[in-house]
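Please walk me through this structure.

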Amino acid sequence: MISFLMLGSLVLGLIAWILPVVSLKRYEKHNNRNGISFFMSLGACAVSLCFQIIYNNHLVKIGDLSALLDTSGASTMASVVLLIVTIILNIIALFAYRDREVE
């Protein structure tokens, strides 16, 4: 069951990146604003990071310090990259919406 946390974290992280891109593509075609994808993207990112924290907590509880030490650096870096890329993609989408509304 715990191994599904890692898979869920990966899937939700990808969803967090795909939603703003799909929103931009859809916006160009249909000329409507879909702001809900902004919140869904940030929510998917938050749940993905939460899954990482729960997994690290599980490693601490079972006392698997070697696994925690081995994965801590990569997990931290992946979480930072996920958060930064998600924020950048959503900012790009928000600026595109703002520029469209001004016209």
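In this predicted model, the side chain of Thr86 comes within 2.7 Å of the backbone oxygen of Leu82. Thr86 belongs to helix 3, which spans residues 65-102.

Which residues cover it? Leaving aside residues up to four places away in sequence, Thr86 touches Ala16, Trp17, Ser41, Leu42 and Cys45. Ser41 and Cys45 are among the buried residues of helix 2.

Now step back to the fold. The protein has three helices and zero strands. Read from the N terminus, the order is α-α-α. Of the contacts between residues at least 6 apart in sequence, 79% join residues at least 24 apart.

Helix 2 covers residues 36-62. It has 27 residues and reaches 39 Å from its first C-alpha to its last. That is close to the 39 Å expected at 1.5 Å a residue. Gly63 follows helix 2, and its phi is positive, near 80°.

Which residues of helix 2 are buried? They are Ser37, Ser41, Ala44, Cys45, Ser48, Leu49, Gln52, Tyr55 and Leu59. An α-helix has 3.6 residues a turn, so residues three or four places apart point the same way.

Leu12 lies in helix 1. Beyond residues up to four places away in sequence, Leu12 touches Ala44, Val47, Ser48 and Phe51. Ala44 and Ser48 are both on the buried list for helix 2. The C-alpha atoms of Leu12 and Ser41 are separated by 8.8 Å, although the two residues are 29 residues apart along the chain. Ser41 is also one of the residues that Thr86 touches.

Return to helix 3 for two serines. Ser75 sits in helix 3. Ser75 has a relative accessible area of 11%, so it is buried. Not counting residues up to four places away in sequence, Ser75 touches Gln52 and Asn56. Gln52 is one of the buried residues of helix 2. Ser72 is in helix 3 too. Its relative accessible area is 33%, so Ser72 is partly exposed.

What about the cysteines? Cys45 is buried, because its relative accessible area is 3%. Cys50 has 37% relative accessibility and therefore counts as partly exposed. The structure holds zero disulfides.

Consider the surface as a whole. Buried residues make up 27% of the 103 residues. The protein exposes about 6,800 Å². Carbon and sulfur atoms supply 72% of that area.

How far can the coordinates be trusted? The average pLDDT is 87, and 87% of the residues score at least 70. Where pLDDT is low, the predicted coordinates should not be read in detail.

Conventions
Residues are numbered from 1 along each chain as its sequence is written. Side-chain values use heavy atoms; hydrogens and water are left out. Helices (H or I, at least four residues) and strands (E, at least two) are DSSP runs, numbered from the N terminus. A polar contact is a pair of N or O atoms within 3.5 Å; within protein, one must be able to donate a hydrogen and the other to accept it, and residues adjacent in sequence count only if both atoms are side-chain atoms. Contact means heavy atoms within 4.5 Å. Buried means under 20% relative accessible area, exposed over 50%, partly exposed in between (1.4 Å probe, protein chains only). Accessible areas come from the Shrake-Rupley method with a 1.4 Å probe; for residues, only the protein chains shown count as cover. The expected span of a helix is 1.5 Å times one less than its number of residues. pLDDT is the predictor's confidence in each residue, from 0 to 100. A disulfide is a pair of cysteine sulfur atoms within 2.5 Å.
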